[in-house]
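The sequence and the structure come first.

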Amino acid sequence: MRTISQINRRIAGNQANSMSLKPKTLTEETMLAEWAEVQAAQKNPARFRPLYERYYDPIFRFIFKRTGEEALCADICSQVFLKALQKLSTYTYKGVPFSAWLYRIASNEVAQHYRNSGKRRVVSIEENQLGEMMEEVDVRVDENQLQLMLEVLDDMPLESMQLIEMRYFEQRPFKEIAQILNITESNAKVKTYRILERMKKKMNKRKPSGF
Amino acid sequence: MEKNYNFNINPKKPSKEAIQKHQNFDALLEQFEAEKATTKPTPVRRLWPLLGGLAVAAAILFFIITNTNLFDLNAPQGEMQTAFIQPPVPEIKKQFINQKYKSNKKKLFQYEGGSSVYVPAGSFRFADGRAVEGDVELQFREYKDFIDIFISGIPMKYDSAGVEYQLESAGMMEIRALKDGEEVFLQPNNVLTVELVSEISVPAHVNVPPGFNIYHLDTTAKNWKYKGKDNIQFIDKYNPESYDKELKVLKNNFDTNIKNLESSWPIPIKPVKPQKADGDKYAFDFEFAEDSEVSKLYTNTMWQVDNEVDFKKATQGGNWVDVKMEKQGDGRFKMILIGEKGEQVSLFVEPVLRGTDFQNALINYEIEYKKYNNALAERTQKLQIQKAELEKEFNIKRNQITIKWNSDSNEIIYVKRKVRNRFTINALGIWNCDRPVLPGGARVTATISTNKKERLRKANVYLADERSNTIYEIKQKEKTNIKYHSSNKQLLFSLTEKGNVALLTPEEVPVNQPTDNIQNIILKQLETVPKTEEELRKLLKFDREEI
């Protein structure tokens, strides 16, 4: 496991910035305009282009965080949009952004890749995000505790990791997480906080390895 | 040791360009179509009702096509000032460039700015289908920026599958042909090859222009028709090394500043350690002028010769009338003895002292050496501090330049780039190189007026953005999308019934999207009534100091 150094200073410096990175939620009107685009694409696949161009970049980055390799990411990304085109006729507007449906497909394709390859799932983390999470579990932010936190994360089942990943490492609002995972917003919140509680208990029980 | 996950701490993120490399919608569509073609066909018996319906529709369509000129792109469309195209300032028009030529020959028409139209021989026909012979007058005009588009009155809205888009142009043109004043048309299956040169605003780091399409304005259907992809290329020699150039200039300035700093504080002169005379060697004893460098050395200095042969050469050579001393790098001097007749003898000597002179000089040297060391240390320390400040300033500026040119940066720098659009046309009229964008912003109803309560000519307000060649039209009391930009310069403007320009400058245009259903827009009326395109351009500028 990689060692982490100089956490405190970086966390103090980045916390103010992290708030501004939270993605904006779409208005009802924008979602309706997008639904019109989807309907046009359902009649004529060539009309899928504006949706493809709008979401290619964010979907690519979503997959890249979970794979860490550009070429592999590009392959999976193509698969995602091909699947989206193939299943587009089944999509109906339910008051959630179209992107949530794409992220769900992307999440499934990534999971499928790891099932097929048998490799360990990549989880991309910025150091300051770990610090934020540690403050949420009320744990002192220092190098020892961060090392321990990674050990605890390593024990986590995939479903829990996905929630933590989207909430703390991608800073998505609960509403968006719920849309992607197809659960309610309150369910997403409850699950996340339960995960954090379990993490806190584990961290209090265990000593960090190597110390 | 990681067991379930592979944690990637602070991973390097892919750049926008790296991601764009993999983006290919055409390939995706091809793959989708290919995979669809291998799926099982629907049983025929289920298709009978559908086939029957299709046959009826086809018959109706056939009747329509053969009995109207609805789909004939070359059908007379008359003067382009139909109810569909309404120039807001009829007195100000983009002039056609008219050129006559022999229609039985091919011709390449070239226009100022680099645009061109290639017309094959025998391209034209009359409305009744007869081929045109003899002289034909080709009329051509371009619309390159928002002012051209505004003057033309050509709408930039595009309806596709029930969704209304705004067209952002990379170049628009209008082309007509006349034979003795009568409008003529392209022969069927004839195409003209067009190259339109224009300018678009793109992020500085972009090496390939964004995708644009070709559209033809169908004034009968009152809509743009998609005709294919635009073959668009950058044609200016945009220096991709601008980032390196800026850095180089910054580095050169930094190096110059360091040099100037060092020279502003000269290095202290190291004192020369006195040497004791060697009793076994010969030495000269001179009296030099008081203002000479050598006299500034220790008093009673003698000049010791290393080599006995050189000393004998010097002393036995003749009558020396002058001597020159040239300091060498190793503390010695080259002594040049000059005779009456100009003959010279040179030998190497070193300054030495004897007895108490040497003792006193040594004591003095130690004192001077300490002073020298202190002065040197002080200089080094002070220079270090000042150099560190210069370096800090250099690093800040270098980061600013890097952020400016870095494609991952939140702040994207836009530049104007020249492009050439290449496409073919199978009909005359208005052709546009565009990309459709969703207007975005907030959908509101606007009430529009001027600060002098004058009536507006078309009761509309036009919104122009420095980064796109288009005009957004905000209609009085009709729900319209209004998108204000916090970072782009925008102009809101209109014309009063008397022809005065009324506007809000980029500093006055709101930056936040409207949050209410009603948006009150009060334009500031200017005194000038523009009579020409040039006068209009002087008023409609994004840079306020030029208004």
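How does Asp26(B) count by relative accessibility: buried, partly exposed or exposed? At 41%, Asp26(B) counts as partly exposed. The model is a predicted one, and the values below are computed from it.

**Salt bridges**

Over all chains, the structure holds 39 salt bridges. Asp26(B) takes part in one of them, with Arg49(A) as its partner and 2.8 Å from N to O. Arg49(A) lies in helix H3 of chain A (residues 49-67) and Asp26(B) in helix H2 of chain B (residues 25-37), so this pair joins two chains. Arg49(A) has a relative accessibility of 22% and is likewise partly exposed.

Another salt bridge links the side chains of Glu185(A) and Lys189(A). These two residues are four apart in helix H10 of chain A, which means that about one helical turn separates them. Glu185(A) is partly exposed at 35%, and Lys189(A) is partly exposed at 35%.

In chain B, Arg457(B) and Glu91(B) meet in a salt bridge. Arg457(B) is in the loop between strand S22 (442-450) and S23, whereas Glu91(B) is in the loop between helix H3 (48-67) and strand S2 (97-102); the pair therefore ties together parts that are 366 residues apart in sequence. Arg457(B) counts as partly exposed at 27%, as does Glu91(B) at 47%. In chain A, salt bridges with shared partners join Arg66(A), Arg121(A), Glu165(A), Glu170(A), Arg172(A) and Glu176(A) into one network.

| Residue with N | Residue with O | N to O distance |
|---|---|---|
| Arg49(A) | Asp26(B) | 2.8 Å |
| Lys189(A) | Glu185(A) | 3.8 Å |
| Arg457(B) | Glu91(B) | 3.2 Å |

**A buried threonine**

Thr470(B) sits in the loop between strand S23 (460-465) and strand S24 (472-475) of chain B. With a relative accessible area of 0%, Thr470(B) is buried. What does the side chain of Thr470(B) contact at 3.0 Å? The partner is the side chain of Gln166(B), in a polar contact. A polar atom of the Thr470(B) side chain also lies 2.7 Å from the backbone oxygen of Leu167(B).

Definitions and conventions. Residues numbered from 1 in each chain as written. Chains lettered and ligands numbered in written order. Predicted model: local features only at pLDDT ≥ 70, side-chain atom pairs only at ≥ 80, totals over all residues. Heavy atoms only, no water. Buried < 20%, exposed > 50% of the residue type's maximum accessible area, 1.4 Å probe, protein only. Polar contact = N/O pair within 3.5 Å; in protein donor to acceptor, adjacent residues only side chain to side chain. Salt bridge = Lys/Arg side-chain N within 4 Å of Asp/Glu carboxyl O.
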